[in-house]
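This briefing looks at a single structure through a few of its local features.

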Amino acid sequence: MTSSGTPVVLGVESSCDETGFGIVSEGVLLGQGLASSASQHAEFGGVVPEIAARAHLESAVPTLHLALDDAGVGFGDITHVAVTSGPGLATAVHVGLAAAKAVAWAMDKPLFGVHHLAGHAAADTLEHGPLPDHSIILIVSGGHTSVLAVGDLVRDPIEHLGDTLDDAAGEAFDKVARVLGLGYPGGPAISRAAVGGDPSAYTFPRALLRPADAPFTFSFSGLKTAVARTVEKIERAGDAVPVADIAASFEQAVVDVLVTKALRAVRERGLQTLVIVGGVAANARLRAVAQERCDAAGIELRIPPPRLCTDNGAMIAAVGDLLVRSGAQPSGLGIAADPSAVLHGAQLPLLR
Ligand code: KG4
Ligand code: ZN
C-alpha cells in the first residue's frame with residue numbers, strides 16, 4: 001500500500017501473443033501498455049510459441065514503460081505485482097512471469113499469481129464496476145469456452161457449469177478463417193468479412209441444443225467441418241465462394257449456441273446478470289444478439305469494451321487489485337508457471 005493505504009497494482013500478461021502491462025488502483029484502470037506479435041504468426045496460421053516468447057522478451061521493458069507513462073506513475077508508486085502464471089503457452093507465460101518476478105523482487109513488493117481466465121472476468125469490473133454477488137460468466141477465448149457460476153470472483157470457488165468438448169469458440173473462428181483464406185487472427189477477420197453478409201444464407205449445425213443434450217456443454221468442431229465441406233462443395237462446382245454470407249452464417253451459428261446456453265444458465269440459477277468475456281466477446285454479432293436476447297428476457301448483460309475483451313495487462317492488474325483488497329496472501333516469488341491451470345479460483349496457486 002502507499003502511505004495513504006491505496007494499492008497500486010501492476011498486472012503482467014504474456015500467455016499468448018499479447019504482451020500486456022496494466023496498472024489498476026481500487027477498481028480504476030490508471031493506464032496500460034500493450035504489444036502484439038500477431039502479425040509475426042500470420043504466415044503460420046496460428047501462434048508459434050517460440051516466436052511469441054521471443055516477442056514478449058523484446059516488448060516487455062518498452063511495454064512496461066508505456067503502461068507507467070500512460071498511468072502517470074513511477075516504479076516507486078507500484079505497491080503490488082500480479083501476473084498470469086497460467087494457463088497459456090508455457091514459453092510465453094514464463095517471460096511475463098520472469099518480468100513480474102524481477103519487478104517484485106527489485107522493488108520488494110508482494111507478487112500474486114493470477115489465472116488468466118479470471119483476468120478476463122475481472123476486465124469487466126474496470127468498465128462496469130464490481131460484479132454482483134452472483135452471476136453467470138460466459139468465457140469465450142481462443143483456448144476456452146466455459147459457462148461459470150461465479151460469486152465473489154477472488155474469494156469464492158468458481159463453479160464450471162459446462163465447457164467445450166473440443167474446439168473453443170475462438171479456435172473455431174481461427175480455423176474457419178483459415179478455410180475461408182482470411183488469415184490470422186481469425187476472429188476479427190471473420191467479423192470484418194461478415195459485414196454485409198446474410199446470417200441466414202446457410203444453416204450451419206448448432207451442436208448440443210436438443211433437450212437431452214448436456215445443457216451447458218459446447219462442441220464446435222462439427223460446425224468447423226460443416227463450413228469446410230460447404231466451401232469445398234462450392235469450389236468443386238467452380239463457383240465463387242460467398243465469403244460474406246458464409247462468415248455471417250458461421251458467426252450466427254456460434255452466437256446462437258453461446259447465447260442460448262448462457263441464458264439458460266442464468267434462468268436455471270435464478271440470477272439476473274450475464275457477463276460475457278474473452279477475445280470472442282469483442283465480436284459485434286455476439287454483442288448484438290446477446291443484448292437483444294437479454295433485453296427480451298429482462299436480464300442484465302455486461303460485456304467489457306472490445307479493447308478489454310482480448311488479452312491485456314489491465315485485466316490481470318484488476319484481479320491483483322481485487323485480491324489485495326480482499327486481504328489475500330501473496331503467492332510469493334517462488335510461483336511456477338502452470339500452463340494448463342484449470343479455473344477453480346482467481347489466484348494461482350489456489351491458497352485457500
Ligand atoms: O482471450 P483472447 O484474446 O486470447 C485467449 O485467451 O485465447 O482470445 C483470442 C481469440 C482468438 O481466437 C480470436 O480469433 C478471437 O478471440 N477474437 C474474436 C474477435 N476478436 C478476437 N472472435 C470473434 N470476433 C472478434 N471480433
Ligand atoms: Zn485470453
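How many disulfides does a search of the whole structure find? The search finds zero disulfides, a disulfide being a pair of cysteine sulfur atoms within 2.5 Å. This is a predicted model, in which local features need pLDDT of at least 70 and side-chain atom pairs count only at pLDDT 80 or more, while totals for chains, interfaces and linings use all residues. Residues are numbered from 1 along each chain as its sequence is written, chains are lettered from A and ligands numbered from 1 in the order in which they are written, and side-chain values use heavy atoms, with hydrogens and water left out.

- C16 is in no disulfide, and the nearest cysteine sulfur, which belongs to C309, is 16 Å away.
- C16 is partly exposed, at a relative accessible area of 23%, where buried means under 20%, exposed over 50% and partly exposed in between (1.4 Å probe, protein chains only).
- C309 is buried, with a relative accessible area of 0%, and its sulfur is too far for a bond from the closest cysteine sulfur, that of C294, at 14 Å.

- Strand β5 covers residues 111-115; helices (H or I, at least four residues) and strands (E, at least two) are DSSP runs, numbered from the N terminus.
- Because five of its five residues are buried, β5 is largely enclosed by the rest of the structure, with L111, G113 and H115 on one side and F112 and V114 on the other.
- Strand β4 (residues 80-86) runs parallel to β5 and is joined to it by five bridges, and the bridge partner of G86 is H115; two strands pair if DSSP finds at least two bridges between them.
- Strand β11 (residues 347-348) runs antiparallel to β5, with two bridges between them, and Q347 is the bridge partner of V114.

**Aromatic side chains**
- The structure holds three aromatic pairs, counted for rings of Phe, Tyr and Trp (its six-membered ring) whose centres lie within 6.5 Å, with planes under 30 degrees apart taken as stacked, over 60 as edge-to-face and the rest as tilted.
- One of these pairs is edge-to-face and joins F173 and F250, at 5.0 Å centre to centre and 75° between the planes.
- F173 lies in helix α5 (residues 169-179) and F250 in helix α8 (residues 243-268), so the pair ties together parts that are 77 residues apart in sequence.
- Another pair, F218 and F220, is stacked, at 6.0 Å centre to centre and 15° between the planes, and both of these residues are buried.
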